[in-house]
Amino acid sequence: MFVPVGLHQARAERRQVDQVARAGADLFEIDLAHHDAGLDGPVIQAAYRRALSRGHVLARALRAVEHAAGLRPTVVMTYWDPVSRHGPERLARLLADAGAVGAMVVDLPDDQAERWQAAAKAANLSTPRLVPRHLADTGLATVAAGASGCLYAPASTAPTGYRGPLDVPALADFTTRLRAASPLPLVSGVGISTPALAARVAPLVDAVAIGTPPVVRALMADPEQAPALTTAFAHALNPYATTETRA
């Protein structure tokens, strides 16, 4: 379950996390809002703008991680700019101390990958990597070699929030290439906008990431809808093991 932090009062956000955990989310992903979220679509960008306008972004995120980690394994999603501004070593330690099991930097620069991986390893954080569909096999091997925890294989090449059809055969080819490059578990997200699509993607991967089209929109506008939406996806994914949400 992807939780855009800072949209509501902290007590309300804790209640929302509790509700979606009971509704079937097996893992939480907490964001660290960023003003230039180039890989995200308009819904998550709007969530980030709201969070940034409220201030205290890092402090709010750390409190959210601490609460979520008490319920389910929790991973933080961020861009490189916040990591650079806070310092990779400091941020990795703060996230680990709050209870995060990993942190994924979606636009991690090649020339900063070694430093980030070392900082995360020292803090006992895993380093999942988002793998662009267009990478050649040599590129896949390079990204996979620096990852730990899992690899994130987007189901669509569009930004987060995409609600159109998915090319499932192309995704199947991509996941086959990824499994040849790495033994790490595969997570797929971006564009898995309905329970039916989630059920189609689930056999290809080890976990399915759900979020922007149904759940994040609800958390933005009508949070009371989020638990029922989470339950619908969890039921569709059964008997496939893991429900995660993000894109």
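Me: Which residues does Arg60 touch, leaving out those up to four places away in sequence?
Reply: Val5, Gly6, His8, Arg54 and Gly55. Contact here means heavy atoms within 4.5 Å. This is a predicted model: local features need pLDDT of at least 70, side-chain atom pairs need 80 or more, and totals for chains, interfaces and linings use all residues. Residues are numbered from 1 along each chain as its sequence is written, and side-chain values use heavy atoms, without hydrogens or water.

Me: Is Arg60 buried or exposed?
Reply: Arg60 is buried, that is, under 20% relative accessible area with a 1.4 Å probe, protein chains only. Arg60 has no salt bridge, meaning a Lys or Arg side-chain nitrogen within 4 Å of an Asp or Glu carboxyl oxygen. Glu13 is the nearest side chain of opposite charge, 6.0 Å away.

Me: Which helix holds Arg60?
Reply: Helix α3. Helices are DSSP runs of H or I, at least four residues, and strands are E runs of at least two, numbered from the N terminus.

Me: What lines the largest cavity?
Reply: Val5, Gly6, Asp31, Leu32, Ala33, Ala51, Val57, Arg60 and Ala61. Helix α3 (residues 57–69) gives the largest share, 3 residues. A cavity is a set of 1 Å grid points where a 1.4 Å probe fits but cannot get out, and lining residues have an atom within 4 Å of a point.

Me: And the largest pocket, what volume?
Reply: About 490 Å³. Its lining has 26 residues, and Leu39, Val106, Leu130, Pro132 and Pro154 are the closest to its centre. A pocket is an open set of points with protein on both sides within 12 Å along at least five of seven lines.

Note on methods: Buried means under 20% relative accessible area, exposed over 50%, partly exposed in between (1.4 Å probe, protein chains only). Lys and Arg count as positive and Asp and Glu as negative; His and the chain ends are not counted. Grid points are joined across faces, edges and corners, and a volume is the space filled by probe spheres set on the points.
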